[in-house]
Amino acid sequence: MRRLRSSPHRRTALNPVTKLAWAAAGTALALAWGGWVAAAIVVLAALAALRAGRLRRVAVAALALAPVAVSSLVINTLLPAGGGGLAGALAALLRLLGATLPPTVLFATTEVDDLLGELEARGLGRRATLVVGTALAAVPRTQARAAGVIEAQRARGLDTEGSWWRRLRGVQPLVAPLVIGSLAEVEERALALEARAFGAPGRRTLLRRLPDSRVQRAARWAIAAAAVIGLAVRAALAVAAR
Amino acid sequence: MIALEEAAYRYPGAAAWALGPISLELRPGEVVGVRGANESGKSTLCLVASGLAPAAVGGELRGRVEVDGRATSELRPHELARRCGLLFDNPAVQLTGLHRTVYDEVAFGPCNLGMPVPVVHARVRSALDVLAIGHLAERHPQRLSGGESQLVALAGLLALGPAYLALDEPTSRLDAERSALVADAIARVAETGVGVLVAEHDEALLARLCVRVVDL
């Protein structure tokens, strides 16, 4: 049987752990420093997305920040308590973009199972891997379940279209079955995992390892060191400024 | 052989017995049906026969349940999984949601057991071949039809190499066409020597597949 592997990571040839290191460092530094550091991280993230052919997808994801941007603008320019003005609002938005774009690029260019496999190969336990993977898969799974509940409620005459008030009223009959169904499913999922020997002792077999290199390993250490130094300097500056 | 001898079971914290007492034998290569009304204990029987109740579920088991001469109460869940696979009625629950191909999803069980990579590949190919779903290998598990999902879930169990399978209403969520696909697959699995216990409402399916049917 031929194994076809079409994966976004092939476009970047970077090991997922290298991308994770970069994303974590970028997020931490953007949050800590803001300003030009955040701007540099935004530019780097955009370039990485462009190189991987995922710029459009990342840009669409970044649009999710629009409500936050508007709120920041209102708070900083219109409310007396904000006081940062337009510059303050832009600075806050830049910091937010710098913090969110690296993980967005990471997940836009990396298959979750590749990332989890590489983390597991480096010692992450199978239960921790499952928890992370399940958390990442929870959003699409919940969306699918919600779609099913909506269809079922519509079939029973619930009006989920039309005015905002009607849509709002439609949320209540959606939430209870969604939450209860999800909770009930947890127990069955746990049993299903046991039925597939998830609790077996020892290390799991990893079917594949993705390319890594000495250069990437060195880069990960350098990224980690830069992040630690950057955060330490920022903390020292903050203490000195008091 | 899976043997239940006056087996009765109640769930943790429950006052009432959900099953039994019941005696039953399932031999390699035969398909035994279980029928009964809702809440009659079909799902519980599957859990007990596979050993997951009480090994993973907890609760109280009376009587004796053995798989190939070993009491299920003496075995841990992963040891039971290698002896008797349990298929739930909802394949969405059985599939992990962690893999992007059917191939990787089916390999999940053997990988959990730490089998060598060539063995894992051999088992996955064998499971896909038996169920005639090799063409799904590179498909995304979340983008399959209900019948295909159920077959992939079944392949995931077969890849563990169990001598027996307990199938809890495997066609209850499927239309007639897809039910027939699953029934064909069950027949093929039994032909390989796997003993299959099928809890079902579908009388026609039971009549077609089973050497005998137990009423609950």
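Helices (H or I, at least four residues) and strands (E, at least two) are DSSP runs, numbered from the N terminus. Axes are lines fitted to C-alpha atoms, for helices over the stretch in contact, and angles run from 0 to 180 degrees between N-to-C directions. Two residues count as in contact if their C-beta atoms, placed from the backbone, lie within 7 Å.

Before going on, a word about what you are looking at. This is a predicted model, in which local features need pLDDT of at least 70 and side-chain atom pairs count only at pLDDT 80 or more, while totals for chains, interfaces and linings use all residues. Residues are numbered from 1 along each chain as its sequence is written, and chains are lettered from A and ligands numbered from 1 in the order in which they are written.

How confident is the predictor? Its confidence in each residue is the pLDDT, from 0 to 100. Chain B averages a pLDDT of 92, and 100% of its residues score at least 70. Chain A averages 84, with 91% of the residues at 70 or above. Over residues 1-11 of chain A the pLDDT is below 50, and beyond near neighbours in sequence this stretch has 20 contacts in the model. Where pLDDT is low, the predicted coordinates should not be read in detail. For the complex, the predictor gives an ipTM of 0.89 and a pTM of 0.80.

Two strands pair if DSSP finds at least two bridges between them. Strand S1 (residues 2-10) of chain B pairs with S2(B) in the antiparallel sense over 5 bridges. Here Ala3(B) stands opposite Glu25(B), and Ile2(B) has Leu26(B) as its bridge partner. S1(B) also pairs with S4(B), again in the antiparallel sense, over 7 bridges, and Ala8(B) stands opposite Arg62(B) there.

Glu6(B), in strand S1, has a positive phi of about 50 degrees although it is not a glycine. A cis peptide bond, with omega about 5 degrees, joins Gly20(B) and Pro21(B), and Pro21(B) is placed in strand S2. The peptide bond from Ala53(B) to Pro54(B) is cis too, with omega near 10 degrees; Pro54(B) lies in helix H2 (residues 52-55) of chain B.

Chain B has another open sheet, this one of 5 strands with parallel pairing, in the order S6-S7-S8-S3-S9. S6 and strand S9 (212-215) of chain B are at the edges, each with a single partner strand, so one side of each is left without a neighbour in the sheet. From one strand to the next, the twist averages 15 degrees. Within this sheet, strand S3 (residues 31-35) and strand S8 (residues 195-199) of chain B pair in the parallel sense over 4 bridges, and Gly33(B) stands opposite Val198(B). Helix H8 (residues 176-191) of chain B packs on the sheet, touching S3, S7 (164-168) and S8, and its direction makes about 150 degrees with that of S8(B).

Turning to chain A, we find it divided into domain 1 (15-119 + 212-237) and domain 2 (127-194), with bounds from an automatic or database domain assignment. The C-alpha centres of these domains of chain A lie 30 Å apart. Helix H2 (residues 16-33) and helix H6 (residues 85-109) of chain A pack at an angle of about 170 degrees, with their axes 7 Å apart. That makes H2(A) roughly antiparallel to H6(A); angles under 35 degrees count as roughly parallel, over 145 as roughly antiparallel, 65 to 115 as roughly perpendicular and the rest as oblique.

Finally, the chains meet: the contact takes 37 residues from chain B and 26 residues from chain A. H5(B) gives the most to chain B's side, with 8 residues.

Key
pLDDT is the predictor's confidence in each residue, from 0 to 100.
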